[in-house]
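The exercises below concern aromatic rings and pockets in one protein model. Work through each task before reading its solution.

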Amino acid sequence: MTQSNKTRSRATWAGIFGGAFLILAFLVKANAPVISAFDKSIQALLYPITNPQMTSFVDKLTFLGGPEMSFIYCLILVVILALKHSYFNAWWTLATVVICNLLNWIIKYIVARPRPADRLVHITGYSFPSGHTFGTALFVFLVLYLLWPHFKTNITKYLMLFIGGIWIVTIALTRIYLHVHYPSDTLASVLLVATLFNCSLIIRTHFKNKN
């Protein structure tokens, strides 16, 4: 696939994911019954395994996917890239992480969705979208994109995709389990990351070709 075709494909996917995110954000802001029904149906699946021991474990697990930890992971990635003299990728990664997290924070305050009232741990701030899920998904996307050319076999590629997907879903489920986010918050995070990441790739290609 040529660079122009890749750019058009990324723009198309950015539009699809971005459109889905905007629709979801509008429905959340409007307190649409369909969102409430979706959230409750997913939350109900986790009620049977909710107990103090599980809550303690999940609280520790979710820490590994927190915004601060995800930012540290990304900084480590930037340092590794710089040490390997991949300066363009290092700067692109850093810019993507900073700008995307800033946009996620801005959207939180625009939508201003309160967190669930029955949360199992103390936390403040708004609920939509999930910062933990956003940071985790962004880190996974970055790692997979940067390492993809180095995967020699399709088995390795599918395995890494599977591991990355499982990690994103795991962190999303910890947020839902703890009742600090609604399921729609975590879904929104993945849609937003997919949108912004495709936009970042388009900008990356533009600057790389220009230089």
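For sorting residues by class, Ala, Val, Leu, Ile, Met, Phe, Trp, Tyr, Cys and Pro are nonpolar, Asp, Glu, Lys and Arg are charged, and the others, Gly among them, are polar. The model is predicted.

**Exercise 1.** Classify the aromatic pair of Phe21 and Phe128, and state what the pair ties together.

Solution.
- Step 1. A search of the whole structure gives ten aromatic pairs.
- Step 2. In the pair of Phe21 and Phe128, the centres are 5.8 Å apart and the planes make an angle of 25 degrees. Planes under 30 degrees apart count as stacked, and this pair is stacked.
- Step 3. Phe21 belongs to helix H1 (residues 3-29), while Phe128 is in the loop between helix H5 (87-111) and helix H6 (131-147), so the pair joins parts 107 residues apart in sequence.
- Step 4. Both Phe21 and Phe128 are buried.

**Exercise 2.** Classify the pair of Trp148 and Phe151, then decide whether Trp148 is buried, partly exposed or exposed.

Solution.
- Step 1. The centres of the Trp148 and Phe151 rings lie 5.9 Å apart, with 70 degrees between the planes. An angle over 60 degrees counts as edge-to-face, and that is the class of this pair.
- Step 2. Buried means under 20% relative accessible area, and exposed means over 50%. Trp148 has 31% relative accessibility, so Trp148 is partly exposed.
- Step 3. Phe151 has a relative accessible area of 13% and is therefore buried.

**Exercise 3.** Find the ring cluster that includes Trp92, and the charged group over the Trp92 ring.

Solution.
- Step 1. Ring pairs connect Trp92 with Phe141, Tyr145 and Phe197 in a cluster.
- Step 2. Over the ring of Trp92 sits the charged end of Arg204, 5.1 Å from the ring centre.

**Exercise 4.** Describe the largest pocket by volume, lining and class of residue.

Solution.
- Step 1. The volume is about 740 Å³.
- Step 2. The lining has 23 residues; Arg10, Tyr145, Trp148, Phe197 and Leu201 lie nearest the centre.
- Step 3. H8 gives the most to this lining, with seven residues.
- Step 4. By class, the lining of the largest pocket holds twelve nonpolar, seven polar and four charged residues.

**Exercise 5.** Do likewise for the second largest pocket.

Solution.
- Step 1. The second largest pocket has about 390 Å³ of space.
- Step 2. Its lining has 18 residues, and those nearest its centre are Pro67, Glu68, Lys108, Gly131 and His132.
- Step 3. H5 gives the most to this lining, with five residues.
- Step 4. The lining of the second largest pocket divides into six nonpolar, eight polar and four charged residues.

Methods: Residues numbered from 1 in each chain as written. Predicted model: local features only at pLDDT ≥ 70, side-chain atom pairs only at ≥ 80, totals over all residues. Heavy atoms only, no water. Phe/Tyr/Trp six-rings, centres within 6.5 Å; stacked < 30°, edge-to-face > 60°. Helix = DSSP H or I, 4+ residues; strand = E, 2+ residues; numbered from the N terminus. Buried < 20%, exposed > 50% of the residue type's maximum accessible area, 1.4 Å probe, protein only. Lys NZ or Arg CZ within 6 Å of the ring centre and 35° of its normal. 1 Å grid on protein atoms, 1.4 Å probe; cavity = no way out; pocket = protein on both sides within 12 Å on 5 of 7 lines; lining within 4 Å. Points joined across faces, edges and corners; volume = space filled by probe spheres on them.
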